[in-house]
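In these notebook entries I record what I looked up in one structure, entry by entry.

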Amino acid sequence: IKAILGRSTISVNDFLGLQVGDIIKLNTKVEDELDVYVGSIKKFKALPGAASDSYAVRISSILREE
């Protein structure tokens, strides 16, 4: 399972210079739903969040039922 937070394009030079604490701006907003894939199939929409001390997603809709 993977949840896609967003996408971004950066130069190779910027990529090579990334350090802890750097911020990469994505093409999504914090309140936007995420696409959740099972293998290569887009299966759910979800909202980002946290559970205990871990990052998590909460499923908001099912795109494909199988």
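**Entry 1: aromatic rings.** I searched the whole structure for aromatic pairs and found zero. Rings of Phe, Tyr and Trp (its six-membered ring) pair if their centres lie within 6.5 Å; planes under 30 degrees apart count as stacked, over 60 as edge-to-face and the rest as tilted. I did find K2 over the face of Y37, at 5.5 Å from the ring centre. A charge sits over a ring if NZ of Lys or CZ of Arg is within 6 Å of the ring centre and within 35 degrees of the ring normal.

**Entry 2: the basis of the values.** I note that this is a predicted model, in which local features need pLDDT of at least 70 and side-chain atom pairs count only at pLDDT 80 or more, while totals for chains, interfaces and linings use all residues. Residues are numbered from 1 along each chain as its sequence is written, and side-chain values use heavy atoms, with hydrogens and water left out.

**Entry 3: the sheet.** I looked up the strand order and found an open sheet of four strands, β1-β2-β3-β4, with antiparallel pairing. The edge strands are β1 (2-4) and β4, each pairing on one side only. Neighbouring strands of this sheet are turned by 45 degrees against each other on average, direction ignored. Axes are lines fitted to C-alpha atoms, for helices over the stretch in contact, and angles run from 0 to 180 degrees between N-to-C directions. Strands (E, at least two residues) and helices (H or I, at least four) are DSSP runs, numbered from the N terminus. Two strands pair if DSSP finds at least two bridges between them.

**Entry 4: β3 and β4.** I found eight bridges joining the antiparallel strands β3 and β4. A51 has S54, in β4, as its bridge partner. S52 is in the loop between these strands and has a positive phi of about 55 degrees, although it is not a glycine.

Entry 5: S61, in strand β4 (residues 54-62), is partly exposed at 28%. Leaving aside neighbours within four places in sequence, S61 is in contact (heavy atoms within 4.5 Å) with K43, F44 and K45.

Note on methods
Buried means under 20% relative accessible area, exposed over 50%, partly exposed in between (1.4 Å probe, protein chains only).
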